[in-house]
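Subject: Structure handover

Hello,

Here is the structure we discussed handing over.

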Amino acid sequence: MAKHQIDVITSVERRRRWSQEDKERLVAACLEPGAVLSEIARAAGIHVSQLFRWRKELCQIEEPSMQVSSTLVPVIVSEAAPAAQPPALEAPAPSQPRRKRSDVTIELGRDRRVRVDSDIDTEELGRILDCVLGRR
């Protein structure tokens, strides 16, 4: 008959408290190549779902800083436009047939896309792409 270690919790508090270092150590072990999470959890005496929760919490802290781009886009500030005058009552312009809107989607790679109207000015599109691709 095999003997197993049993933890007896004698205090009123039934939950164990894990230090940040212990959590980080266990999560780091999970990220090793070939790691089996259920074995790591069993060795630590926790349920595998707790290990998943810690991994999610600890990995979320680092992700936004890696995904945030610090690209600055130049802005030109011009003089304020004159106050708008109420439109004079004029005869309504003859209605023109509405042109069907058509968008163009440009795939830039790494899950980046730019969607523009099909009749965009090519110079304007070039400036937009330069800013998005970090050429300026």
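Predicted model: local features only at pLDDT ≥ 70, side-chain atom pairs only at ≥ 80, totals over all residues.

Core. The largest nonpolar core has 11 residues: Leu26, Val27, Cys30, Leu37, Ile40, Ala41, Ala44, Ile46, Leu51, Trp54 and Leu58. H2 gives the largest share, four residues. As background, nonpolar side chains tend to be buried together in soluble globular proteins. Ala44, one of the core residues, is in contact with Arg16, Trp18 and Leu26, leaving aside neighbours within four places in sequence.

Pocket. The largest pocket holds about 150 Å³ of space. Its lining consists of Arg15, Arg16, Arg17, Trp18, Lys23, Gln50 and Trp54. Sorted by class, that lining has four charged, two nonpolar and one polar residue. Trp54 belongs to the largest nonpolar core and also lines the largest pocket. Arg16 and Trp18 are in the pocket lining, and both are in contact with Ala44.

Helix H4. This helix covers residues 122–133, which is 12 residues. At 1.5 Å a residue H4 should span 16 Å, and its end C-alpha atoms are 16 Å apart, so the two values agree. Its buried residues are Leu125, Leu129, Asp130 and Cys131. Strand E1 (103–109) and strand E2 (112–117) are among what covers them. After H4 comes Gly134, with a positive phi near 75°.

Regards

Notes:
Residues numbered from 1 in each chain as written. Heavy atoms only, no water. Helix = DSSP H or I, 4+ residues; strand = E, 2+ residues; numbered from the N terminus. Expected span 1.5 Å × (residues − 1). Buried < 20%, exposed > 50% of the residue type's maximum accessible area, 1.4 Å probe, protein only. Contact = heavy atoms within 4.5 Å. Core = buried A, V, L, I, M, F, W, Y, C linked by side-chain atoms within 4.5 Å. 1 Å grid on protein atoms, 1.4 Å probe; cavity = no way out; pocket = protein on both sides within 12 Å on 5 of 7 lines; lining within 4 Å. Points joined across faces, edges and corners; volume = space filled by probe spheres on them. Nonpolar A, V, L, I, M, F, W, Y, C, P; charged D, E, K, R; others polar.
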